[in-house]
Each structure stands twice: as C-alpha cells, then as structure tokens.
Amino acid sequence: MRSVLTFLFIGIALSGLGHAETRVPHSPAEISLSFAPVVERAAPAVVNIYARRVVAARRSPFQDDPFFGPLFRDFGQAQPRLQNSLGSGVILSSDGVVVSNYHVVGEARDIRVVLNDRREFAADILLSDEESDLAILRLRDAEGLPTLNLRNSDDLAVGELVLAIGNPFGVGQTVTSGIVSGLARSGTATGSARGYFIQTDAAINPGNSGGALVDINGHLVGINTSILTRSGGSNGIGFAIPSNLVERFVSLAVAGATEFERPWAGIGGQAVTADLAETLGMAVPEGFLVSVVHPASPFANADIAVGDVILALDDVPVSAPQDMIFRLSVAGTYGEVTARVLRDGQMREITVRLTAPPDDPPSDPVTLPDRVALAGLTVANINPRILADWDLPLEAEGVVVLATGPYVGRVGLRPGDVIFAINGAEIRTTADVTRAASARVRSWNVDVLRNGRRLRLRFRA
C-alpha cells in the first residue's frame, strides 16, 4: 500500500510540473537562483566600443623570431599604421556619459559606440588617464539612454556575488558570474593601470575591458580592466577598477576637466611587516610606516612625521603606497582626508588638507643653445611638481632632464635623469647647467642619478 501511495504522489508531482507557471523571480531568495532580473536591468547600459588610432610601427624581417625579434625591435623607420581596438563601456547618464578603459579608447581618432539595442553613436573623449586606465566619453546627440547606478565600492565584501558584462573576443554581449575574490589588490593588473583593484573570479576575457562589474542589485561596483593569465584567456583572476574612483572621474569630466590631477602625498614608506610590528610594539602588523616626508607635503603640514604609522584614511585601512594613492585620488585635489595615526604607542586622528604638488620654487625650464656642447638639452629645477610628474624620489634635488634634443640623447642622457655634476662642478640649478655647458673643453663627464643608481657618462664634443 505504501509503495502505491508513493507512486501516486510522484505521479501527481510530475503532472504538476507539467503545468508549473514560469515567471521572473523577484525576492532576494529567488534572485539567488537566477540572475535574469539583474541582467535585464543592467545589460542595456553596457555598450560595445570600436576605436581606431594611428600608431607608429616598424616592420622588421625578424619580428616573429623569438631570439632575433627583441634584438631588432627598433629596426627600420617607423611607419604610421591604423590600429583597431575592441572593448566595452558603461553608460552612466541618460545624455550619454560613458566610462571605459584608457587602453580601449586612449588617443583614438574615431570611436563608435554600439548599444545593446543596436543603436550606434559617435563618441568624444572628455577625460582620460593612462595611469588609472580610465576614460570618460560623451556620445553625440544622445538622450534618454539606459544607465547604471554606482555603488560605494568601499562597502564590497569578499564573497559577494557579481556579474561581469562585456563583449569578450567580439562575440557579442556576454554575462559571466562569480564572486568578489579579493579587495585592495595592487600592483597585479596587466593593463595600463598601476593602482588598486577589485579581484573577481567572474570570467573576464579580451573585449571585456571597460565593461561592467555589477552586484546582485544591478549596481555598478567596478569597471573590468584586466586579467592575470599565462595563456591569454581567463584563469579565474580578473581585476576591476573600483566604482568610487570612477565616480571621481565622471564628476571631473562633467565639470569640464581635461586632465586628471592627483593630490600630492609627498610621503614615502612601506607596509608594516611582522618584524616592524614587533619593533614598534604593535600587536598585529598593519598600516603604512612613514619613512620620508617632503617638507612641502600636505602630510608634513598636518604634522605627520617619519616613524608615524598611518593605519587608515577616512576609516578605510591602508597598508601599501597604492592604497594611499587610491584614497587620495578618490578624495580629490583640495579635498580632505582624516588619517588615523599611531605615534609612540598613542592613537590620534589628524585632518590632512590635500593639494596639488606646488611648482615652488619655480622649475625654470631651460633649453641649451646650439653653440654649446650639450646643445638642445632641456633641463628644469626639481620641485614638488617635477617630483610628481617624473616620479622621482622625494629626496631628489638639483636638475632633471626634460628632453635631450636631437644630439644629446646619443651620449646616453635620458629624460628623467637627475644631473648632479658636470666635469666635476656641482649642479644645483639650471643656471649651473648653462654655465658648465659653456666651457670650452673637448672631454665631458656628466654625473647623473637614474633609477636610484649613480652613473657617469663620458663623451667627446
């Protein structure tokens, strides 16, 4: 009897399945079983981007040879070549403001944006920055477009469900799912960006660049930018630029900014290791140990000194230089951050008023005239602006090479070299360079600092 009842129950259940109603889930519990509502909400705001740029390329007979190719990389005369790129983007305003990656559209001459509904628009770059690998576009004659809302990326937690939406390999709009597998990743991306990323295992492949990383509510949490791979395909480690930095870029672009200027920190240091924590009397290794402070730094003006440990900025923990750069970039030039600082075992809160790197004392760029041995060399006095623009050590002093001109580069000088002596004479200002270069001698010794190394360049005029 029991077996008969079981059979009848199964039969009734199966017959019920045949007439079950199919509907889109609405509650969070139902959404966890299907991403369809999220995709329906987010996908229309993700676009395909086709960009064309002119690049200088050399054609070498050895370019495909694994051994001789690198040796003859600069062989032959550079010829202009048209390069096409494919990527994705996200619409953030109904009148056509779109965010994408710099490596997708940077320096492009012609940009076409194709929406999910197949409408096409020409686009112009409002603001782009190679270091952040972000670009903000404006679609021409666009209105009433679908958009995505930004979510505070600082609220993300490892383990959250996310979707990556883009156009991988040009096959058409594709959605992949995964989780946030890491936060505050730095120095690991392979694109143009050098900074601070959300890590996800949602599949990201070539063509996904500039696409959306969204949460289960369809809110934008990041812009997909790169993958970590040995084969060229997704291995489950992808990186996205956090939405908080995207928001900063968009606000500047809409306000008319044509260049992204980062606040200047003017401090250097390192993450606190276990050994340092023991030396400093800290229970656990955390924070950023300050080892150098430039006198003109906004942190110096806020009384932060060498030996201090910065634990957090605006209540968000920091430990690496990339963390600092990201937090300051989000706060913006002339904004404020609150630093939680450990000094001599005591915790304190310090407000830091951010600034751009000052061009003081004046850099006074000088190009040497044709009648001297270093003709065409352009140099400038080192100040905070030069330190930031050329990524020089904060301790650097004296004169930096801005350009070598048509002749000086042949003797080994490079842009970014810090000149500290010419023929034994100490160089501290551009006037010293002009004076030393006017000497009537045949043999020359130029002492420079390059990538932390001291070099002596010898040549005959």
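This is a predicted model: local features need pLDDT of at least 70, side-chain atom pairs count only at pLDDT 80 or more; totals for chains, interfaces and linings use all residues.
**Overall make-up**

The protein has 461 residues, of which 44% are buried. Its secondary structure consists of 12 helices and 25 strands. Among contacts with a separation of 6 or more, 59% are between residues 24 or more positions apart.

Strands of a sheet pair through backbone hydrogen bonds, either parallel or antiparallel.

One of the pairings joins β11, residues 220–227, to β12, residues 238–242, over five bridges. Within it, S226 stands opposite F239 in β12.

**Aromatic rings**

A pair of aromatic rings is described by the distance of the centres and the angle of the planes. The count of aromatic pairs in the model comes to four. One of them is formed by Y196 and F326, which are stacked with 4.2 Å centre to centre and 10° between the planes. Which parts of the chain does this pair link? Y196 belongs to strand β9 (residues 196–200) and F326 to helix α9 (residues 321–331), so the pair links distant parts of the chain, 130 residues apart. Both Y196 and F326 are buried.

A ring also takes part in another arrangement: the charged end of R454 sits over the ring of F420, at 4.4 Å from its centre.

**Backbone features in loops**

Two aspartates have a positive phi although neither is a glycine. Each is found in a loop between two strands. The table sets out their values.

| Residue | Phi | Loop between | Relative accessible area |
|---|---|---|---|
| D133 | about 60° | β5 (120–129) and β6 (134–139) | 0% |
| D315 | about 70° | β15 (309–313) and β16 (316–317) | 62% |

Are D133 and D315 buried or exposed? D133 is buried, because its relative accessible area of 0% is under the 20% cut-off. D315 counts as exposed, because its 62% is over the cut-off of 50%.

A cis peptide bond joins D360 and P361, with omega about 0°. P361 is placed in the loop between β18 (346–353) and β19 (366–367).

R151 lies in the loop between β6 and β7 (161–166). Why does R151 count as buried? Its relative accessible area is 18%, and the cut-off for buried is under 20%, so R151 falls within the buried class. A polar atom of the R151 side chain lies 3.3 Å from the backbone oxygen of D155.

Leaving aside residues up to four places away in sequence, R151 touches L156, E160, D215, H219, L220, V221, S243 and N244.

Note on methods
Residues are numbered from 1 along each chain as its sequence is written. Side-chain values use heavy atoms; hydrogens and water are left out. Rings of Phe, Tyr and Trp (its six-membered ring) pair if their centres lie within 6.5 Å; planes under 30 degrees apart count as stacked, over 60 as edge-to-face and the rest as tilted. Helices (H or I, at least four residues) and strands (E, at least two) are DSSP runs, numbered from the N terminus. Buried means under 20% relative accessible area, exposed over 50%, partly exposed in between (1.4 Å probe, protein chains only). A charge sits over a ring if NZ of Lys or CZ of Arg is within 6 Å of the ring centre and within 35 degrees of the ring normal. A polar contact is a pair of N or O atoms within 3.5 Å; within protein, one must be able to donate a hydrogen and the other to accept it, and residues adjacent in sequence count only if both atoms are side-chain atoms. Contact means heavy atoms within 4.5 Å. Two strands pair if DSSP finds at least two bridges between them.
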